[in-house]
Amino acid sequence: MRRKLAAGNWKMNGTSATLTELQALARSYPAATVDVLICPPATLLHRAADAVKGTEITVGGQNCHAAESGAHTGDISAEMLVDAGASSVILGHSERREDHGEQNEDVRAKARTAMDAGLKTIICVGESLEQREAANTLDIIGGQMSGSIPDQSTGENLIVAYEPIWAIGTGKVPTLNEIGEVHDFIRARLERRFGEGVGRSVRLLYGGSVKPSNAADIFAVSNVDGALVGGASLKAQDFSGIIDALQKA
């Protein structure tokens with residue numbers, strides 16, 4: 001059975017003082033029945049890992065370079081993330097695709113390197129509002145999956161997060177039927193490509209304006225195994241409401 005996952009993406013937020021939120025979260029879940037992951041900015045990663053050492057909380061990175069090492073000023077390798085205490089990494093987030101021009105092949109190359117380093121990779125897919133309104137959502141998602149997910153993927157090293165771009169940080173949320181349609185499509189595509197065993201073992205997360213008030217409804221949708229949460233993961237109290245809903249799902 002797939003173990004549910006609540007993942008928090010702090011994005012470009014957080015300083016040393018913010019680690020108290022992480023410590024509060026760890027105290028609240030001494031024996032969580034779901035996996036809880038926080039992906040802080042790189043400047044906090046090592047200290048965050050130390051802060052949750054011996055607890056149920058794990059930490060991850062928000063990006064990595066496709067190369068193992070080299071002359072890439074300002075970038076971080078997958079091995080560096082592991083060395084800092086990361087167990088996972090988010091790749092292909094729409095903000096990386098839009099702000100930094102990352103293409104599917106870039107995400108795929110990063111994912112291969114991350115998997116080789118032993119990191120669980122959360123690969124993000126999602127459509128824009130224009131693509132949704134043009135009824136192109138499933139074509140877009142299918143193309144992103146084919147281009148971004150490496151052949152070496154398994155249920156152990158791959159997590160797919162569906163994040164409709166138009167719902168990220170906007171307060172807008174797709175209908176439950178729309179979320180279910182995409183998650184069922186992703187599951188079917190994974191099973192077709194990797195076989196039923198691997199396809200059914202990969203966890204699928206929903207992301208985009210997830211809050212304590214709507215989490216329970218979202219987690220009741222077919223093939224939703226958890227959430228990739230942005231702003232609501234910055235405060236332990238807010239994120240706890242989402243974790244609680246997931247534990248009850």
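This is a predicted model: local features need pLDDT of at least 70, side-chain atom pairs count only at pLDDT 80 or more; totals for chains, interfaces and linings use all residues.
Residues are numbered from 1 along each chain as its sequence is written, and side-chain values use heavy atoms, with hydrogens and water left out. Helices (H or I, at least four residues) and strands (E, at least two) are DSSP runs, numbered from the N terminus.

**Helix pairs**

- The axes of helix α7 (residues 137-148) and helix α8 (residues 176-194) come within 11 Å and cross at roughly 40 degrees, where axes are lines fitted to C-alpha atoms, for helices over the stretch in contact, and angles run from 0 to 180 degrees between N-to-C directions.
- The crossing of α7 and α8 is right-handed; a crossing has this name if the near helix is turned clockwise from the far one by less than a right angle, and is left-handed if anticlockwise.
- On the α7 side, T137, L138, I141, G142, M145 and S146 meet E181, V182, F185, I186, R189, L190 and R193 of α8, with contact meaning heavy atoms within 4.5 Å.
- The residues of this contact of α7 with α8 divide into 7 nonpolar, 3 polar and 3 charged, where Ala, Val, Leu, Ile, Met, Phe, Trp, Tyr, Cys and Pro count as nonpolar, Asp, Glu, Lys and Arg as charged, and the others, Gly among them, as polar.
- Helix α7 also meets helix α5 (residues 104-116), and the axes of these two come within 7 Å and cross at roughly 45 degrees.
- Helices α5 and α7 are therefore oblique to each other, because angles under 35 degrees count as roughly parallel, over 145 as roughly antiparallel, 65 to 115 as roughly perpendicular and the rest as oblique.
- N104, E105, V107, R108 and A111 of α5 make this contact with G143, Q144, S146, G147 and S148 of α7, and the residues divide into 2 nonpolar, 6 polar and 2 charged.
- Helix α10 (residues 212-219) and helix α11 (residues 236-248) pack at an angle of about 20 degrees, with their axes 8 Å apart, and they are therefore roughly parallel to each other.
- The crossing of α10 and α11 is right-handed, and the contact is made by P212, A215, A216 and F219 of α10 and D238, G241, I242, A245 and L246 of α11.
- By class, the contact of α10 with α11 has 7 nonpolar, 1 polar and 1 charged residues.

- The side chain of N157 reaches the backbone nitrogen of T154 at 2.7 Å, and a polar atom of the N157 side chain lies 3.3 Å from the backbone oxygen of Q152.
- Leaving aside neighbours within four places in sequence, N157 is in contact with M115, L119, K120, T121 and Q152.
- S153 is found in the loop between α7 and β6, and S153 is buried, with a relative accessible area of 5%.
- The side chain of S153 reaches the backbone oxygen of P150 at 2.7 Å, and, not counting residues up to four places away in sequence, S153 touches M115, L158, F194 and V198.

**Residues in a helix and a strand**

- D106 has its place in helix α5 and, at 33% relative accessibility, counts as partly exposed.
- A polar atom of the side chain of D106 lies 2.8 Å from the backbone nitrogen of Q103.
- Y206 is found in strand β7 (residues 203-206) and, at 0% relative accessibility, counts as buried.
- Not counting residues up to four places away in sequence, Y206 touches a set of residues including Y162, P164, H183 and L228, and a polar atom of its side chain lies 3.0 Å from the backbone oxygen of G208.

**Backbone angles**

- Most residues other than glycine have a negative phi.
- S209, in the loop between β7 and α10, has a positive phi of about 60 degrees although S209 is not a glycine.
- N223, in the loop between α10 and β8 (226-229), has a positive phi near 65 degrees and is likewise a residue other than glycine.

How values were computed. A polar contact is a pair of N or O atoms within 3.5 Å; within protein, one must be able to donate a hydrogen and the other to accept it, and residues adjacent in sequence count only if both atoms are side-chain atoms. Buried means under 20% relative accessible area, exposed over 50%, partly exposed in between (1.4 Å probe, protein chains only).
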